[in-house]
Amino acid sequence: MASATAGSGAPRDSPGRTGQEKVPTIRDVAQLAGVATSTVSRALSKPDRVNRHTRERIEEAAAQLNYVPSSQAQGLSSGRTNAVAVLVPDITNPFYFDIIRGTQHQLKAAGYTQLLVDTEESNEMELEALHKMRRSADGFILAASRLTDQQLAEVSETQPLVTINRASTSAPTVVIDTPSAVVQALEHLASLGHHRVCYVSGPPTSWSNRMRWNVFEEESAHRGMETHRIGPFTPKTTSGAAAADAAVRTGATACIVFNDLLAIGMLQRLRERGIRVPEDISIIGSDDIFGADFCNPPLTTIASPIEQAGRVAVSMLLSQLNPVPGRSGRQLAVMPTHLTIRASTGPAPASRPRTHDPA
């Protein structure tokens, strides 16, 4: 899997060759054989596409120069790079650490290099990266893609790709089934006597955010709960203060939050305001990132097999890049989730949460 270097074409222990002697290139072979470099490339990578006499002349020239094609040159001639680009909206978000680890391990085992791109939660940056890297990568894995349905369909027509947490009819998809765990979270809150619940929304371009809200709205109404929605908020701890203040204003006694980072920021703000968790308000996050159990209090959250989702996405992409005759590639993989209960949820308070602001 090691990348090719300028000297990868030099044979070991070549007689009479010194460290200062020029390493033979494909141009040298072409010049000696009296053909174009493209003809040399075809002769060495796809011999059946070159006239036998020409091919023999090129092979003789290559042997005379002790020329060995580099892996980079072979990749260019075959149109393959043995690299896969993984695009994530925010590389600082611990949720994506596990996806990146999963894709990296699986790609390495298959002999591919991983190219990592942070799209900074930007639809435009994601689309630009996909266009610019068409020649640099054999395929793409889009984690929580912010592309529209139309953009995703257009991109999938021109290059192999798999999405994670972004269902699409135009590309194979790995879905982390957090909406099902939202139902578990609401059941948990209902069992604790909560009747006023709030959904703390993430990015408006997030597919998983829309799916969670749809389930939250439907299931809370089914249980006779008073439902509120606040946001959207950037899924970072720094957005937690504004989210906590908005949640308190709704009068809700419990919140289900788009992700753990936002929930952790809310815990910090609520503590500053003297609002107790879970005595005054309960908080549930999503993703069960590293550190969610170190919070004060430890965070109840939706746990997901995140690293496994990355591995499955790679397997689905490789089935496109290296198809097996008579076998169709997997189009959908659903990863199960569950609610992990910790100390940030408790019985509903008898009255509205206290709203004391710090001095």
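**Cavity lining, sheets and a helix**

The lining of the largest cavity is made up of five nonpolar, five polar and four charged residues; here Ala, Val, Leu, Ile, Met, Phe, Trp, Tyr, Cys and Pro count as nonpolar, Asp, Glu, Lys and Arg as charged, and the others, Gly among them, as polar. The model is predicted, so local features need pLDDT of at least 70 and side-chain atom pairs count only at pLDDT 80 or more, while totals for chains, interfaces and linings use all residues. Residues are numbered from 1 along each chain as its sequence is written, and side-chain values use heavy atoms, with hydrogens and water left out.

The structure holds one cavity of 30 Å³ or more. A cavity is a set of points, on a 1 Å grid over the protein atoms alone, where a 1.4 Å probe fits but cannot get out, and lining residues have an atom within 4 Å of a point. The largest cavity contains about 130 Å³ of space, a volume being the space filled by probe spheres set on the points, which are joined across faces, edges and corners. Its lining has 14 residues, of which F95, Y96, S208, F258 and D287 are the closest to the centre. Helices α5 (94–109) and α9 (207–222) each supply at least two lining residues. Helices (H or I, at least four residues) and strands (E, at least two) are DSSP runs, numbered from the N terminus.

An open sheet of six strands, with parallel pairing, has the order β2-β1-β3-β4-β5-β11. Its edge strands, β2 (113–118) and β11 (332–335), each pair on one side only. Two strands pair if DSSP finds at least two bridges between them. Strands β4 (residues 161–164) and β5 (residues 173–176) are parallel and share two bridges, and I164 has V174 of β5 as its bridge partner.

An open sheet of six strands with mixed pairing has the order β7-β6-β8-β9-β10-β12. The edge strands here are β7 (226–230) and β12 (338–340), each pairing on one side only. Strand β6 (residues 196–200) runs parallel to β7 and is joined to it by five bridges; Y199 stands opposite R229 in β7.

Helix α12 (residues 306–321) has 16 residues and should span 22 Å at 1.5 Å a residue, which agrees with the 23 Å between its end C-alpha atoms. The expected span is 1.5 Å times one less than the number of residues. In α12, the buried residues include I306, A309, V312, V314, M316 and L321, where buried means under 20% relative accessible area (1.4 Å probe, protein chains only).

Conventions
Buried < 20%, exposed > 50% of the residue type's maximum accessible area, 1.4 Å probe, protein only. 1 Å grid on protein atoms, 1.4 Å probe; cavity = no way out; pocket = protein on both sides within 12 Å on 5 of 7 lines; lining within 4 Å.
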